Amino acid sequence: MPSVSQTPPPHSMPDLAARQRAMARAGEATSDELRAALARTGAVTEAQDLRPTETGLVMVRGRIGGDGRAFNAGEATVTRAAVRLPGGETGFAYHLGRDRVRARLAAILDAHWQRPEARPALEAALDAIAGRRAEAVRQAARKTAATRVNFFTLARGED
Amino acid sequence: MYVAVKGGEAAIDNAHRLLAEVRRGDPAVPELTVAQIREQMRLLVDRVMTEGSLYDPDLAALALKQARGDVVEAVFLVRAYRTTLPRFGATEPLDTGGMTLARRISATFKDLPGGQVLGPTFDYTHRLVDFALEDGADPAPAAEAKPEADAAACPRVTDLLGQAGLLEPSPPDEGAPVGDLTREPVDYPADRALRLQGLARGDEGFILALGYSTQRGYGRTHPFVGEIRVGAVELEFTPEELGFPVSLGTVDLTECQMINQFHGSGAVPPQFTRGYGLVFGQGERKAMAMALVDRSLRAAELGEAVVVPAQDQEFVLAHCDSLQATGFVEHMKLPHYVDFQAELELVRRLRAEHAALAAEPVQDDPTLREAAE
């Protein structure tokens, strides 16, 4: 099995912030959405595992008082995948939960995203996924907003 | 101690088969799905995640199904599962200031930037049993309103008050290693970070009772709820092979900022002190109780006498874990035949000696008396 450390160091990666954003958005997608996104680019979903897709733990850190010293709040399950395409691009995914199929698809998407010719189609697919999610968040925000308290003060006293 | 006892294998197998059947209940009633538990018993799922110290709603729901709804048993299953997994590392410290709020209230400040939003709460309900739920009718859709402009950024209340110097600041992050009680046994005195880890996974009933005791006078700290916020926070993790942080997704959390009686010294003018609570999911009762006990456990640091249970670190941390507590209490069920046989022999001998002494009341043999004591 090839070593995981074959990934180029971050400074040589183009558009690090854009890649982080794409990985985050892929993390919000369902397996079906990821499959559909890959299919749109005509990208093969064949990839070699750099490391078997596996579920493990991360320790979730909080901060005392919300903004102070770090403390260990408890763990969370995380599933990670690391793949390499026939062209040599490596892709990764780290997702909360235990869905290995989804994590592996997201890692394949991350690898394809690094191919400039595949990127626009994948970005368009991720836009659609993000749009679906944003609508759900917007609706939840509207329901929350309806429970906002509007205080009013009753006048009392002599003046 | 307990000793190995042979026999009973068939009885144990059959007891577990019976357990599986009883767990299922009346076969004429449809079986619960894990998704139903996750969606409709959400606060129970949140409690199992918090006390199991593992964020995974589906796993907690499954554990509850397997445990027939027994919280401590479900916590046991979740904790056992986590021991089978490798740990990839620790997340970047999460930012509750960036929470997507589902609820946010303050009992100390009426007018907050971002406002007070009640969200889904039992508060102000009449606590009358709703028999309409028996029929399973769909609820009326929730009301909607346009979020106000200031709802986009809701600073923590403590950050607002802290700016005026009225509130003690949070202990600064100086990059010190973060203690982990799942990796090393706790040494006392334990630092506040370690105490918060213990309180976060502690039994809700135990922490609640201790918090309550501080309000009733056993370690009075005169608390106010500065803020409770419930909502989703993004987690970031930096994998070694990537060297840059990636988003893992979001977790639902409840945070409680308790504001407590003033404290001052020659060097520091009087200011409010603080207690902090943070739990998985929606768990206000637990987060509030945790914040009360966090503050009372700071007694020594703040120059208060340590006289009551809620101020005693070792008493609190060594007894707050429901799994440890149940392990030691429930192991008493297991065969103790040899231990008890030894005790029985001793009592019989002492009784015989006692009877012999009673027959000869004049004699007073100090060696026999010692043995009886």
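Housekeeping before I go on. This is a predicted model, where local features need pLDDT of at least 70, side-chain atom pairs count only at pLDDT 80 or more, and totals for chains, interfaces and linings use all residues. Residues are numbered from 1 along each chain as its sequence is written, chains are lettered from A and ligands numbered from 1 in the order in which they are written, and side-chain values use heavy atoms, with hydrogens and water left out.

**Strands, chain B.** I looked up β4(B) (residues 224-237) and β5(B) (residues 246-263): they run antiparallel and are joined by 13 bridges. Pairing here takes at least two bridges found by DSSP between two strands. I then followed β5(B) to β6(B) (residues 271-280), again antiparallel, with ten bridges. Leu253(B) has Phe280(B) of β6(B) as its bridge partner. Strands are DSSP runs of E with at least two residues, helices are runs of H or I with at least four, and numbering starts at the N terminus.

**Helix crossing, chain B.** I checked α5(B) (residues 71-82) against α11(B) (residues 322-330): their axes come within 10 Å and cross at roughly 110°. The two are therefore roughly perpendicular, a label for angles of 65 to 115 degrees. Axes are lines fitted to C-alpha atoms over the stretch in contact, with angles from 0 to 180 degrees between N-to-C directions. From α5(B), the contact uses Val72(B), Val75(B), Phe76(B) and Arg79(B), and from α11(B) it uses Ser322(B), Leu323(B) and Thr326(B). Contact means heavy atoms within 4.5 Å.

I noted a cis peptide bond from Tyr188(B) to Pro189(B), omega near 0°. Pro189(B) is in the loop between α6 (157-163) and α7 (192-201). Two non-glycine residues have positive phi: Arg68(B), near 55°, and Tyr124(B), about 70°. I placed Arg68(B) in the loop between α4 (57-66) and α5, and Tyr124(B) in the loop between β3 (100-105) and α6. Arg68(B) counts as exposed at 51% relative accessibility, and so does Tyr124(B) at 69%. Exposed is over 50% relative accessible area, buried under 20%, partly exposed in between, using a 1.4 Å probe and protein chains only.

**Chain A, quick look.** I found four helices and three strands, in the order α-α-β-β-β-α-α. Of its 159 residues, 48% count as buried.

Note on methods. Angles under 35 degrees count as roughly parallel, over 145 as roughly antiparallel, 65 to 115 as roughly perpendicular and the rest as oblique.
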